[in-house]
Amino acid sequence: MTRASNTQGGPVTLSKEGLPAWLDPVVHAAETVEPLQLSRFLPPENGAGRQSAVLILFGEGERGPEVLLMERAGSLRSHAGQPSFPGGALDPEDGDPKAEGPLRAALREAEEETGLDPAGVQLFGVLPKLYIPVSGFVVTPVLGWWREPSPVGVVDPNETARVFTVPVADLTNPGNRATTVHPSGHRGPAFLVESALVWGFTAGVIDRLLHYAGWERPWDRDKQVPLDWRS
């Protein structure tokens, strides 16, 4: 059984042992998806970019499977006010970026941002590294099962506006889906859930995960939500 409580140097490993059956499609997607199937933005071949990681944490809520998200504070320099997965840049103490560094960083950042107890999280997969051109981050999405849920909430209001979970049923509900249109002309998937507009990198990853896990339901891609210039 994965014990990830010691994010500062103890072993942080991946384990598929004892996962709920409904996560099987996600496990399969993580094992088979190719980088370009997730995003057209891939890490620069010259190794440029700041290494970072996010935690895509699946739990079991009152309405079935759910995912943990947070809303970034409106005062932040980058991605202000945006819903996102917990995560951030790797620190030197996280270890090798090509080994368990991203696993440790994803847990550490999630603990710092939401207060969750990493000991209750079982990491079971890693998606291909992706790139966020606007911020220069090379992001490793780390998949986790919230085996022993712990209380979560805002730890630092200067960084986080709120912490919340979204039922997978709401993410797959066609009525909650739309296409965002950025002033730059860029279009991308979006989710209108929990009185939040989830868009950008986070929505893109969720969209592809739902698709390759076979959970996606047909939705109206012509339904548009404009993003203002501040986004």
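Predicted model: local features only at pLDDT ≥ 70, side-chain atom pairs only at ≥ 80, totals over all residues.

Contact here means that heavy atoms lie within 4.5 Å. By that criterion, and leaving aside residues up to four places away in sequence, V26 touches F58, F124, L143, L209, A213 and W215.

**Nonpolar cores**

- The largest nonpolar core holds 36 residues, and the members that touch the most others are V26, F58, F124, L127 and L143.
- Helix α5, which spans residues 200-212, supplies the largest share of this core, with 6 residues.
- Another core, of 18 residues, lies apart from the largest one and has A53, L103, L116 and V121 among its members.
- As general background, nonpolar side chains in soluble globular proteins tend to be buried together.

**The four-stranded sheet**

- Four strands form an open sheet in the order β11-β10-β9-β12, and their pairing is mixed.
- Because β11 (196-198) and β12 (224-226) stand at the edges with a single partner strand each, one side of each is left without a neighbour in the sheet.
- From one strand to the next, the twist of this sheet averages 40°.
- Strands β9 (residues 177-181) and β10 (residues 187-193) run antiparallel and are joined by 5 bridges, and within this pairing T179 has P189 in β10 as its bridge partner.

**Helix against sheet**

- Helix α5 packs on the sheet, where it touches β9, β10 and β11, and the direction of the helix makes about 85° with that of β10.

Methods: Residues numbered from 1 in each chain as written. Heavy atoms only, no water. Core = buried A, V, L, I, M, F, W, Y, C linked by side-chain atoms within 4.5 Å. Buried < 20%, exposed > 50% of the residue type's maximum accessible area, 1.4 Å probe, protein only. Helix = DSSP H or I, 4+ residues; strand = E, 2+ residues; numbered from the N terminus. Pairing = 2+ DSSP bridges. Axes fitted to C-alpha atoms, helices over the stretch in contact; angles between N-to-C directions.
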